[in-house]
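Subject: Structure handover and findings

Hello,

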Amino acid sequence: MKVLKYLLIFIPISLIGEYMHLSEPLIFIFSALAIIPLAGLMGESTEVISYYAGNRIGGFLNATFGNATELIIAFFAMRAGLFDVVKASIAGSVIGNILLVLGLSMLVGGLKYKTQYFNQKVIDVTASMLLFAVIGLTVPAIFTHTVNAKLLTTRYEGLSIIVAIIMFAIYILSLVFSFYSHKDLYATETTEESKPEWSLRKSIIVLVVATILIGIESEVFVGSVEPMTKAFGLSEFFVGIILVPIIGNAAEHSTAVLMAYKNKMNVAIEIALGSSLQIILFVTPVLIFLSLLFSPMSIIFNAFELVALIFSVLIANRIASDGESNWLEGVQLVAVYIIIAASFFIL
Amino acid sequence: MKVLKYLLIFIPISLIGEYMHLSEPLIFIFSALAIIPLAGLMGESTEVISYYAGNRIGGFLNATFGNATELIIAFFAMRAGLFDVVKASIAGSVIGNILLVLGLSMLVGGLKYKTQYFNQKVIDVTASMLLFAVIGLTVPAIFTHTVNAKLLTTRYEGLSIIVAIIMFAIYILSLVFSFYSHKDLYATETTEESKPEWSLRKSIIVLVVATILIGIESEVFVGSVEPMTKAFGLSEFFVGIILVPIIGNAAEHSTAVLMAYKNKMNVAIEIALGSSLQIILFVTPVLIFLSLLFSPMSIIFNAFELVALIFSVLIANRIASDGESNWLEGVQLVAVYIIIAASFFIL
Amino acid sequence: MKVLKYLLIFIPISLIGEYMHLSEPLIFIFSALAIIPLAGLMGESTEVISYYAGNRIGGFLNATFGNATELIIAFFAMRAGLFDVVKASIAGSVIGNILLVLGLSMLVGGLKYKTQYFNQKVIDVTASMLLFAVIGLTVPAIFTHTVNAKLLTTRYEGLSIIVAIIMFAIYILSLVFSFYSHKDLYATETTEESKPEWSLRKSIIVLVVATILIGIESEVFVGSVEPMTKAFGLSEFFVGIILVPIIGNAAEHSTAVLMAYKNKMNVAIEIALGSSLQIILFVTPVLIFLSLLFSPMSIIFNAFELVALIFSVLIANRIASDGESNWLEGVQLVAVYIIIAASFFIL
């Protein structure tokens, strides 16, 4: 998405703005706009490096660093003690990927092609894993919500770490599954990859620079969240669940929609669902582990987040079950997203 | 169902009874028995008019006025301030259609035919839309149930109107989908329609007269709900969720079961699921909009209704997934309905 | 599983231990270890008797007495007033069968065979019935949990008995379905049964002796639950939901895993899901009926149990939907089980 690159101008603007102590809402917007193209560059350079690294290691790199932006933003939010924003942004990423990204993809693609088809078998594995992962995430949360809390905080931490370890182990095993034991299942997917425009050297430099800049911008961004929410009367929760995921995933989202428009539904759906799965199985446990360096963050989501997660995953499984999509399915996904966003906004 | 027409005798009986101030439970029963055949006549005349109007407009008419009886009863209940009865009857219609009507259809059909088949692709679209619609309806409700209430009533109204607008928009779009962009999907369904017995003129007269009479009987019926519940120790909630839907849908229900008995499972299932969908996407938002004329009704269902709705829709999706039915599936659907009804009755 | 038979030595050990008033945790372990091989002998003798009884009656015997061990343990626990342990063990049996047994089967089988196939149509009937059964069990529970309790206890009993009668009726009808009206659906399943090693006479003697001994050991076992939980700081709930089902089902479980290892996935899955279904539709109502002899036990499960049951059944339906399994699915099932067990253990 070349057009996103013009947004790179917001890197100096946001940094100068921060230095000149502009109003926080402006800083919030500027740093958000700066993160969007950086996330895009990061994704692009990871893909090029993956190309040079060969199928297996490349796939692994892509799978692992595909959500690096979310991880970096969440890390700085966590360091600033904004645990609720972090957890809301995890849930929001999953919901946004399944409902908004997949919905827009199916809508945009479906307006051009009457019915779009995808490899139901591959998508099914991802959708099914999403169901398991969300159930795994929900079980301890529901248990802790029903037990009357406070006293048990230390126990929650233990439980969070156990769940995080299990999630991470399944993540590793799922890589073994898709790159080793059942790699032929994914074989039909290989799109004829032409040699990338960038050299390996250039892409490594881009990756390093983009990572550093995203780190800097994330810190600026996170610092502006609290004053901004106060200025506009938004809840931190709304920022976490709706705004952060859109900012962190904008580049990836536009790719998915573009792929759907080119009738490459397999790629579009894999971006949306695969990314959701990575967030639950990789980003979330890594954040739990990293939080042990400061103060332990629990893996217990609140009731809103859980309901939205469960519904999203049920919908993803419903969608995946027939291997077809059309514009009306897209409209319905987006509609559910709007209803969720409106509920979060109003409440 | 010719036999239902003998019930027309209850029109004068109920009106005379009302005039003579008979005991309210009698009025309740008489007016209920009068509504049943009127709803049947309304459905029949709508179908005839649809036949003359041609495929597209006819389909639209049928889809839109198919649940006119529920709409009229609910309108008068709403005007009488019985919001709980109205919402219970919406939920009850959906539950009743999916569990009781579909269950009886599969049971009756399955006792005659070992396995009955239906067009899984078409039913799948409806079942999938039902899932989305119920999720859309559930999300704001769950959110408002967890936030502690009272203070936020005005906000609920805003949220209710937004959700109603989205539901209504999806309803319009679903008509575009089935009568315009993807109409071939439904093409295999066309049953050889023979010229109806009634003339267009006759059917219009019947429709107008039946609508007026249903209006009158609904007002009588609604007026008797409160005194009747007190006399028999029933909750208004039980009346709304079990009795009103059975009365409003009796004619339609008997058609569905008859179709199943004739091994026309596609028609039977479409009546049950399509009608449920219409109630959520068309009747409910229209009622929300109409309520603005008096005092705004919220779209927030209570926990009982939500649970019953979600389970019913999950079951509908499960049933639709294999394109087959047998008597045991029918028994199970009816059993779940009986358990729900017994729970509502006892609690 | 011949190796289990060495555990028979724990019959005298546990009885002598009980007589000598050994510490209760030891009694708990000894009697548990004694029950495991007895349950195995009971299952084996039932199967031999079923063989001699012919297809139809044999199938009925197998279906009805397959969970006799659970029934006996639960009966003695119920007589001792440990209602919470009984209900937890019912839920735990279902969860354990679906997540642990099925998971281990898919994992062990999947490590040997890349993809394992099963008769999706047959498993679908069972999975679908499980969904209905759990929904039927959940509806009254959710209703009673939201209404504020205590006052309504007598009403709950009435509701419990109604639900139990409906469940039992569906159980009978499901036998009619599988052994009479739709028996051909299951016809492909007949494994070439070789003449059993035991004579009919021997197997009847084994069955009678094993039943008596299980009864005795169950009474010893149940008596040691309370002191043991106190000694180890475990909750009775944890014992009921995790330990009792493992003890009662160990023999059966090892058979399922063995079948998966031999690539007989149909048998393995039918053991896991069929057994779960029997527990809900047969064991549970029979326990409710039996409880009327002492003091009535309600069929109302607690929130933990319900959530775990619903998730397990959703997973079972997801698994059944494609007719295939692999080791990663197995890992995920076991992971969800571990998360549930860890949550129960910690909370």
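Below are the findings, from the annotation to the chain symmetry, the interfaces and the helix packing.

First, the conventions. This is a predicted model: local features need pLDDT of at least 70, side-chain atom pairs count only at pLDDT 80 or more, and totals for chains, interfaces and linings use all residues. Residues are numbered from 1 along each chain as its sequence is written, while chains are lettered from A and ligands numbered from 1 in the order in which they are written.

Annotation

An unreviewed UniProt entry carries the annotation "domain: Sodium/calcium exchanger membrane region" for residues 26-179 and 203-343 of chain A. UniProt positions are in the numbering used here, feature names are shortened, and annotations may be inferred rather than shown by experiment. Residues 203-343 of chain A are 84% helix and 1% strand. The end C-alpha atoms of that span are 42 Å apart. Helices (H or I, at least four residues) and strands (E, at least two) are DSSP runs, numbered from the N terminus.

Symmetry

Two copies of a chain are related by a rotation about an axis and a shift along it.

Chain C goes onto chain B by a turn of 120 degrees and a shift of 0.0 Å along the axis, with an RMSD of 0.0 Å. In chain C, C:Ser321 comes closest to the rotation axis, at 5.1 Å (C-alpha).

Interfaces

Contact here means that the C-beta atoms of two residues, placed from the backbone, lie within 7 Å. Between chains A and B, 25 residues come from chain B and 20 residues from chain A. On the chain B side, helix 6 (120-146) and helix 7 (153-181) each supply at least two residues. Helix 6 of chain B gives the most, with 12 residues. By class, this side of chain B has 16 nonpolar, 7 polar and 2 charged residues. Ala, Val, Leu, Ile, Met, Phe, Trp, Tyr, Cys and Pro count as nonpolar, Asp, Glu, Lys and Arg as charged, and the others, Gly among them, as polar.

The contact of chain C with chain B takes 25 residues from chain C and 20 residues from chain B. Helix 6 (120-146) and helix 7 (153-181) of chain C each give two or more residues to the chain C side. The largest share, 12 residues, comes from helix 6 of chain C. The classes on that side are 16 nonpolar, 7 polar and 2 charged.

Helix packing

Axes are lines fitted to C-alpha atoms, for helices over the stretch in contact, and angles run from 0 to 180 degrees between N-to-C directions. Angles under 35 degrees count as roughly parallel, over 145 as roughly antiparallel, 65 to 115 as roughly perpendicular and the rest as oblique.

- Helix 5 (residues 83-112) and helix 10 (residues 265-291) of chain B: the axes come within 9 Å and cross at roughly 175 degrees. That makes the two helices roughly antiparallel. Residues in the contact include B:Ile90 and B:Asn97 of helix 5 and B:Ala272 and B:Ile279 of helix 10. The contact has 15 nonpolar, 7 polar and no charged residues.
- Helix 4 (residues 68-79) and helix 5 (residues 83-112) of chain C: the axes come within 8 Å and cross at roughly 160 degrees. These helices are therefore roughly antiparallel. By class, their contact has 6 nonpolar, 2 polar and 1 charged residues.
- Helix 1 (residues 10-19) and helix 8 (residues 200-232) of chain C: the axes come within 11 Å and cross at roughly 45 degrees. The pair is therefore oblique. C:Ile11, C:Ser14 and C:Glu18 of helix 1 meet C:Leu213, C:Glu217 and C:Val220 of helix 8.

Best regards

Definitions and conventions. Least-squares fit on C-alpha atoms with pLDDT ≥ 70 in both.
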